[in-house]
Amino acid sequence: MAARPTVRRRILGMELRKLRDHAGLTTEEVSSNMGWHQSKLSRVENGRSGMRAHEIAKVLDLYGVSSQEEREALGALAREGKQRVWWQPYSDVLTQRYASYIGFEAEAVAMRSFQTLLIPGLLQTPDYARATIQALQPEASAADVRALVEVRLARQNAVLTREEPLKMWAIVDEAVLRRQVGPHEVRERQLLRLAEAAEQPHVVLQVLPFSAGGHIGMLGPFVILEFPVRGDLDVVYAESLTSSLYLERDEDLASYGRAYDLLRAAALDTGPSRDLIIRIAKGTE
């Protein structure tokens, strides 16, 4: 399977591409000097391949980078891109696309999420997570389901309880709240947990009510992930049954950003959204 780029590798590749352009070197010239196949340089600059310490030192020499501070910073990016990650022990149950998404999520500073069918994974209770995993992966063993629930809870802990928690803006369709996933008490606890999460300062939650009518979100759920280095790194993530799509072009990011603004405008404000969630949980709506 082809490797997905980590955020650190993407930053390293972006910086090396800028340095190569500044040095006025072509990919053919660099590849020839390094003794690489041209495809390797392309993978490095796209963040899909890492570099050894001696390789990055030689490339920086070739690019005329003399600043020790810059050389150390880029070397650190190369080393960090190879570090063991917390989800590595679960590699036997994680698909490559799920592991890739976790990697992006772990590095993000902000998220804008729109969901049409499920509670966002970062806000799920263990019982709701278990019920959704069993529904989406009916062939999974009991051990695998337990492991995947552990991963979901670890994701929550990793990004929502860290020193600088992920800033999460979540919009959910009203259908998400009314869909019965698992026993009634599982849904009730999940909705009350959702209402609690909405009170956290780093979480903004809105409900897109049925009364909003047709909307651009009917095309499907998506997530916009934002990173410390803006522009070249932000991504839109969309998932289907058999594949995942990462969109990074400026025009794609702009289109999804406008779509999110439209959804945000059509959704209930945070207070009424929380009130609706509680009423549905208690069966009074």
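Predicted model: local features only at pLDDT ≥ 70, side-chain atom pairs only at ≥ 80, totals over all residues.
Good morning. By contact I mean heavy atoms within 4.5 Å of each other.

I begin with the chain as a whole. Its 285 residues include a buried share of 46%. There are 12 helices and 6 strands. Along the principal axes, the C-alpha atoms occupy a box of roughly 70 × 40 × 35 Å. The accessible surface amounts to about 14,700 Å², and carbon and sulfur atoms account for 51% of that area. If we take the contacts between residues at least 6 apart in sequence, 73% of them link residues at least 24 apart.

The largest nonpolar core has 54 residues, and the members that touch the most others are Leu 16, Tyr 63, Met 111, Leu 177, Leu 225 and Ile 277. Helix 10, residues 184-197, supplies the largest share of this core, with 5 residues. What does Ile 277 contact, once its neighbours within four places in sequence are set aside? The partners are Leu 177, Leu 191, Leu 194, Ala 195, Leu 205 and Val 207.

Glu 174 belongs to helix 9, which spans residues 174-178. Is Glu 174 buried or exposed? Its relative accessibility is 8%, and since buried means under 20%, Glu 174 counts as buried.

Helix 3 covers residues 38-45, and its buried residues include Lys 40, Leu 41, Val 44 and Glu 45. Viewed down the axis of helix 3, the buried residues lie within an arc of 130 degrees, and therefore they line one face of the helix. After helix 3 comes Gly 47, which has a positive phi, near 80 degrees.

Helix 4 runs over residues 53-62, where Glu 55, Ile 56, Val 59 and Leu 60 are buried. Here too one face is lined by the buried residues, because they fall within an arc of 130 degrees when seen down the axis of helix 4. What does the face turned away from the buried side of helix 4 carry? On that face are the exposed residues Ala 53, His 54 and Asp 61. Gly 64 follows helix 4, again with a positive phi, in this case near 75 degrees.

Trp 36 has contacts in both of these helices, as its list of partners will show. Trp 36 sits in the loop between helix 2, residues 27-34, and helix 3. With a relative accessibility of 13%, Trp 36 counts as buried. Beyond its neighbours within four places in sequence, Trp 36 is in contact with Ser 31, Leu 41, Met 51, Glu 55 and Val 59.

Finally, I come to the surface. Which residues form a nonpolar patch there? They are Ile 216, Leu 219 and Leu 262, whose accessible area together is about 350 Å². Ile 216 is located in the loop that joins strand 3 (203-208) and strand 4 (222-226). Its relative accessibility is 41%, so Ile 216 counts as partly exposed.

Thank you for your attention.

Key. Residues numbered from 1 in each chain as written. Heavy atoms only, no water. Patch = residues over 30% accessible without salt bridge, like charges linked within 9 Å, V, L, I, M, F, W, Y side chains within 5 Å. Areas by Shrake-Rupley, 256 points an atom, 1.4 Å probe, with all protein chains shown as cover. Salt bridge = Lys/Arg side-chain N within 4 Å of Asp/Glu carboxyl O. Helix = DSSP H or I, 4+ residues; strand = E, 2+ residues; numbered from the N terminus. Buried < 20%, exposed > 50% of the residue type's maximum accessible area, 1.4 Å probe, protein only. Core = buried A, V, L, I, M, F, W, Y, C linked by side-chain atoms within 4.5 Å. Arc of directions from axis to C-beta.
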